[in-house]
Amino acid sequence: MFRHVDGFSGNITLSQFKGGQSNPTYRIDADGQVFVLRRKPPGDLLPSAHAVDREYRVISALGQTDVPVPKTFCLCEDTEVIGTAFYIMEMVQGRVFWDGTLPGMSNEERGSVYRSVNEAMAALHRVDYQAIGLGDFGKVGEYRERQIHRWSKTYRLAEMDPIPEMDRLIEWLPKNIPPGDDTTLIHGDYRLDNMILHPSETRVIAVLDWELSTLGHPLGDFVYNTAPWIIPAIDERVSSLEGLDLPALGIPTEEQYIARYCELRGIG
C-alpha cells in the first residue's frame, strides 16, 4: 500500500464502518492521513456479487466528470494480501442522513439538499459513458425488460407460499413497459444514505456504494430515488415521506422533484 497510495505512511489504525454495506468498509488512519478500504466479504461468493473491481472502475472513471465521487488510489485483486480483493479511496469528510425529513435542518436547507441530490443524479445520467471508457460496462437497451425478467425469476425461485397479487404483478409488468428506451450510466442504489453531504453546506460532495452500477435506463435510478414519496411508512428503517406536509418542511413534492429532474435532463 505504501508504494501505491500517495501520502500513505507511518503506523496504521484500522476501524470498520458500521452499517448495511454488503462490502465491508474500513477507515484507515495513517499518521494524519485518512483513507477508506472497501473489500469483498470473505467466503464463497456468487461470480458477479460484491464486485469491488467494478466499483473501483466506475468511481475512477467518474473522477473525470462533475459527478461527485471520492478519489480512488488503487485496486488490489491479489487475494493473498488480505484474503479478498479490495480498493482504497479517499475519506470524504461530511454528513450522512438516513432520515429523509432531514431533522435539524431549516426549510431552506432541506430544499437545497433535495436539489443537490437531484442535480447529482441528473449529472450522472448526462455522462457520456463511452467517452470515459465505460462503453462495455453493461448491456445497452431493454434494461427494464431484463430487470423484470430477472427479478420475476428470482422471486419464483424464492417463493414459499403463493401470493396471488405477486402473480398478477409478474404477469402485468412485461405487458406495461412504457414506450421508448434510453441507456445511461446508472448507480443502481441511488438513495440519500448512500451520499455524503458537505460538513456545513447543503450539497452532495460524494456518492458512494456503486456496487450495482451498470448501463441501464436512467428512470430506474430516478424511480428508486423517489421511493420515499411513494412507499408507506413501514417502520423506522424505511425512510418515507408519506403523510407529511412537505411544503411546510421545505421538501419538494413528488411533482416538483420530477419536474426539476426533467428540466436538468432536458426531457419532457
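## Basis of the description

The structure is a predicted model, in which local features need pLDDT of at least 70 and side-chain atom pairs count only at pLDDT 80 or more, while totals for chains, interfaces and linings use all residues. Residues are numbered from 1 along each chain as its sequence is written, and side-chain values use heavy atoms, with hydrogens and water left out.

## Overall build

The protein has 8 helices and 9 strands, where helices (H or I, at least four residues) and strands (E, at least two) are DSSP runs numbered from the N terminus. Its radius of gyration is 20 Å, close to the 18 Å that the globule rule gives for 268 residues, so the protein is as compact as a globular protein of that length; the radius is taken over C-alpha atoms, and the rule is 2.2 Å times the number of residues to the power 0.38. Taken along the principal axes, the box filled by the C-alpha atoms is roughly 55 × 45 × 40 Å.

Of the 268 residues, 42% count as buried, a term that stands for under 20% relative accessible area, with exposed for over 50% and partly exposed for values in between (1.4 Å probe, protein chains only).

## Surface and charge

The protein exposes about 15,000 Å², and carbon and sulfur atoms supply 53% of this area, as computed by the Shrake-Rupley method with a 1.4 Å probe, where for residues only the protein chains shown count as cover. There are 26 positive and 39 negative side chains, and the centres of the two sets lie 2 Å apart. In this count Lys and Arg are positive and Asp and Glu negative, with His and the chain ends not counted, and the place of a charge is taken as NZ of Lys, CZ of Arg, CG of Asp or CD of Glu.

## Helix α1 and its cover

Helix α1 spans residues 52-62, and its buried residues are V52, E55, Y56, V58, I59, A61 and L62. An α-helix has 3.6 residues a turn, so residues three or four places apart point the same way. The cover over the buried residues of α1 includes the strands β3 (33-39), β4 (72-76), β5 (86-90) and β6 (184-186), together with helix α2 (107-126).

A85 is placed in the loop between β4 and β5 and is buried, with a relative accessible area of 11%. From C-alpha to C-alpha, A85 and A51 are 8.9 Å apart in space, although 34 residues separate them in sequence.

## Aromatic pairs

A search of the whole structure finds 7 aromatic pairs, in which rings of Phe, Tyr and Trp (its six-membered ring) have centres within 6.5 Å, and planes under 30 degrees apart count as stacked, over 60 as edge-to-face and the rest as tilted. Y114 and Y257 form an edge-to-face pair, at 6.3 Å centre to centre and with 85 degrees between the planes. Because Y114 lies in helix α2 and Y257 in helix α8 (residues 254-265), this pair ties together parts that are 143 residues apart in sequence.

Y114 counts as buried at 8% relative accessibility, and Y257 counts as buried at 2%. Both belong to one aromatic cluster that is formed by Y114, F222, W229, Y257 and Y261. I258 is likewise placed in helix α8, but this residue is partly exposed, with a relative accessible area of 31%.

## Residues in loops

L102, found in the loop between β5 and α2, has a phi near 50 degrees, a positive value in a residue other than glycine, and its relative accessible area of 0% makes it buried. D209 lies in the loop between β8 (204-207) and β9 (214-216), where its phi is near 60 degrees, again positive in a residue other than glycine; at 18% relative accessibility, D209 counts as buried.

P232 has its place in the loop between α6 (227-230) and α7 (246-249) and is partly exposed, with a relative accessible area of 41%. Not counting residues up to four places away in sequence, P232 touches S240 and E242, and the C-alpha atoms of P232 and E242, 10 residues apart along the chain, are separated by 5.7 Å.

How values were computed. Contact = heavy atoms within 4.5 Å.
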